[in-house]
Amino acid sequence: MADVAEISGPQTAIEPRGARPRHAFSRRNIFIYGTLILVAVYYLIPLYVMVVTSLKGMPEVRLGNIFSPPMEITFEPWVKAWSSACTGLNCDGLSRGFWNSVRITVPSVILSIAIASVNGYALANWRFKGADIFFTVLIVGAFIPYQVMIYPIVILLREIGIYGSLSGLVLVHAIFGMPIMTLLFRNYFAAVPEELFKAARVDGAGFWAIYLKIMLPMSLPIFVVAIILQTTGIWNDFLFGVVYTRPDTYPMTVQLNNIVNSVQGVKEYNVNMAATILTGLVPLIVYFVSGRLFVRGIAAGAVKG
Amino acid sequence: MPQQKRPIRLLRNLNAKIAAVPMMLTATFVFAGGSLWTVLYSFTSSKLLPRFSFVGAEQYERLWAAPRWNVAVENLFIYGALSLIFQFVIGFLLAALLDQKIRFEDTFRTIFLYPFALSFVVTGLVWQWILNPDFGVQSVVRSLGWTNFEFNPLYDADIVIFGILIAALWQGTGLIMCLMLAGLRGIDEDIWKASRVDGIPTWKTYLFIVIPMMRPVFITTLVIIASGIVRVYDLVVAQTGGGPGIASEVPAKYVYDYMFHAQNLGQGFAASTMMLLSVAVVVVPWAYLEFGRRRHG
């Protein structure tokens with residue numbers, strides 16, 4: 001993975017090389033752009049279908065075809081999805097799940113990055129005996145299917161007394177974010193010129209002083225990458241949400257699934273699609289705003305699977 | 001840091017050790033300890049609560065006798081093999097197309113990758129809607145005149161796994177494309193020049209020179225895809241719920257259902273140990289090569 005992170009980093013910034021093709025409509029160009037455009041349309045169709053379905057009224061959904069644009073635009077499904085869609089007995093919509101997800105994601109991102117950045121710094125610049133062994137276990141652990149570790153963690157959280165609470169889930173996210181985050185920071189700090197570190201040591205700066213005054217200000221880009229990676233990852237989590245929270249603390253993804261796949265009542269496809277977009281909105285915004293940084297992050301974070 | 005500077009006494013590097021405490025605890029107690037615990041308890045008859053009553057391999061015998069588990073494993077094989085092949089092929093072809101010094105490269109890449117930012121639950125629900133037999137693709141094609149058109153993967157037990165595959169490919173191929181593109185950009189431009197001078201056709205250069213050179217990228221990608229395949233869970237839960245019947249069950253769902261709904265922990269532990277085993281077969285040799293060799297990475 002480390003290689004991938006390195007190659008994808010600076011290389012993506014390289015401009016197209018060589019002379020431009022002379023004929024804009026050569027057979028080669030038509031083939032390349034034609035294929036790419038077709039594939040792009042295919043990739044965009046689900047997003048399009050989600051949006052148009054969520055803007056139709058139910059009678060129109062039942063009559064029409066899913067690809068046709070709405071004849072009459074209505075925002076009612078969005079309002080309903082947000083504030084009054086039902087899961088079981090609760091009918092307060094996705095808003096509860098949204099705020100739960102916010103209350104899960106924000107502390108989880110902060111906690112996991114705080115732990116991992118300091119840890120990566122210790123591994124890169126203050127190597128001590130045995131550190132490599134723990135680090136290897138940590139990285140190999142990233143590949144262990146979560147299902148293997150789920151139940152021991154249930155017991156652990158129950159012992160501490162936070163099973164079912166949001167803080168329990170935050171701890172779980174911090175634990176499972178640790179391998180990739182530590183790897184990310186360790187590789188980044190290892191590439192910081194050694195002279196800087198040595199000079200600070202000579203000046204008498206200690207472990208925390210060097211971290212706070214030199215490493216932290218120097219490494220803002222990697223912090224941004226880490227925040228992007230963790231925000232989307234934690235927001236999109238479903239498994240841990242199902243296992244470690246109760247219905248009133250369910251994150252948005254779990255609540256969305258319960259709303260759409262509930263067996264009671266008439267299916268309101270337009271409300272379902274509005275709810276689906278609402279859930280996907282946060283990671284999508286992060287993705288479109290962050291652009292290249294996201295690509296860098298996933299290339300480094302691809303190990304997460 | 002240079003090796004000589006490594007402190008000898010236990011307390012010299014105390015702050016670094018304190019900083020690494022969360023990692024040590026996680027690595028020891030959660031990753032190593034938790035996995036061992038699960039493997040150990042898979043040999044017990046635990047039901048509602050974990051009890052250490054050793055029953056040998058009984059849970060495994062029951063597991064492999066269960067039709068649901070066998071369906072789940074079979075599904076994972078079909079889904080796994082096909083998504084491996086298609087992700088590699090489509091991901092590589094898209095990357096090769098994007099690597100042709102084209103315009104709007106960023107736009108295309110942004111479009112191919114955006115599904116990856118979404119949750120599997122979102123992906124599963126969108127495709128559930130698109131593949132809905134009464135409103136989705138099937139009904140649209142029928143309304144265009146082909147009234148006998150059959151395409152109903154979500155309610156047809158024989159092909160339901162392909163419905164899930166379609167959604168998974170939509171979500172995951174962009175990532176593979178990005179990894180492949182990074183690999184292609186890592187190939188020295190001189191290689192291309194040399195093959196052009198020798199008059200070797202482009203496709204031959206790809207097949208016999210570029211692809212063999214990208215071996216490390218392929219291996220990393222293989223590990224990423226493989227470990228993702230074994231974990232497939234949320235997508236199935238959202239898109240089909242394992243149905244129709246048990247036709248689209250997967251091992252991860254079997255584990256969850258037995259642990260938290262059927263109150264049969266022993267079965268869940270045995271099933272998750274099988275998952276661990278299947279990942280270990282791929283990851284252990286790779287991790288040995290990747291991390292065992294270069295200590296100072």
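Residues 73-288 of chain B carry the annotation "domain: ABC transmembrane type-1", which comes from an unreviewed UniProt entry. In this predicted model, that stretch of chain B is 75% helix and 0% strand. Its end C-alpha atoms sit 27 Å apart. Here's a quick tour of the rest, starting with chain A.

**Chain A overall**
- Chain A has 15 helices and zero strands.
- Of the 305 residues in chain A, 47% are buried.
- If you take the contacts in chain A with a separation of 6 or more, 76% of them link residues 24 or more positions apart.

**A helix pair in chain A**
- Helix α8 (residues 166-190) of chain A packs against helix α11 (residues 220-236) of chain A at about 155°, and their axes are 11 Å apart.
- Angles over 145 degrees count as roughly antiparallel, so that's how α8(A) and α11(A) run relative to each other.
- The crossing of α8(A) past α11(A) is right-handed.
- On the α8(A) side, the contact uses H173(A), G177(A), M181(A), L184(A), F185(A) and Y188(A).
- From α11(A) come I222(A), V225(A), A226(A), Q230(A) and I234(A).
- Sorted by class, this α8(A)–α11(A) contact has eight nonpolar residues, three polar ones and no charged ones.

**Where chain A meets chain B**
- The contact between the two chains takes in 83 residues from chain A and 82 residues from chain B.
- Helix α2 (residues 27-54) of chain A supplies the largest share of chain A's side, with eleven residues.
- By class, the side of chain A that touches chain B comes to 57 nonpolar, 23 polar and three charged residues.

Methods
Residues are numbered from 1 along each chain as its sequence is written. Chains are lettered from A and ligands numbered from 1 in the order in which they are written. This is a predicted model: local features need pLDDT of at least 70, side-chain atom pairs count only at pLDDT 80 or more; totals for chains, interfaces and linings use all residues. Two residues are in contact if their C-beta atoms, placed from the backbone, lie within 7 Å. Helices (H or I, at least four residues) and strands (E, at least two) are DSSP runs, numbered from the N terminus. Ala, Val, Leu, Ile, Met, Phe, Trp, Tyr, Cys and Pro count as nonpolar, Asp, Glu, Lys and Arg as charged, and the others, Gly among them, as polar. A residue is buried if 20 or more other C-beta atoms lie within 10 Å of its own, exposed if 12 or fewer, and partly exposed in between; C-beta atoms are placed from the backbone. UniProt positions are given in the numbering used here, feature names are shortened, and annotations may be inferred rather than shown by experiment. Axes are lines fitted to C-alpha atoms, for helices over the stretch in contact, and angles run from 0 to 180 degrees between N-to-C directions. Angles under 35 degrees count as roughly parallel, over 145 as roughly antiparallel, 65 to 115 as roughly perpendicular and the rest as oblique. A crossing is left-handed if the near helix is turned anticlockwise from the far one by less than a right angle, and right-handed if clockwise.
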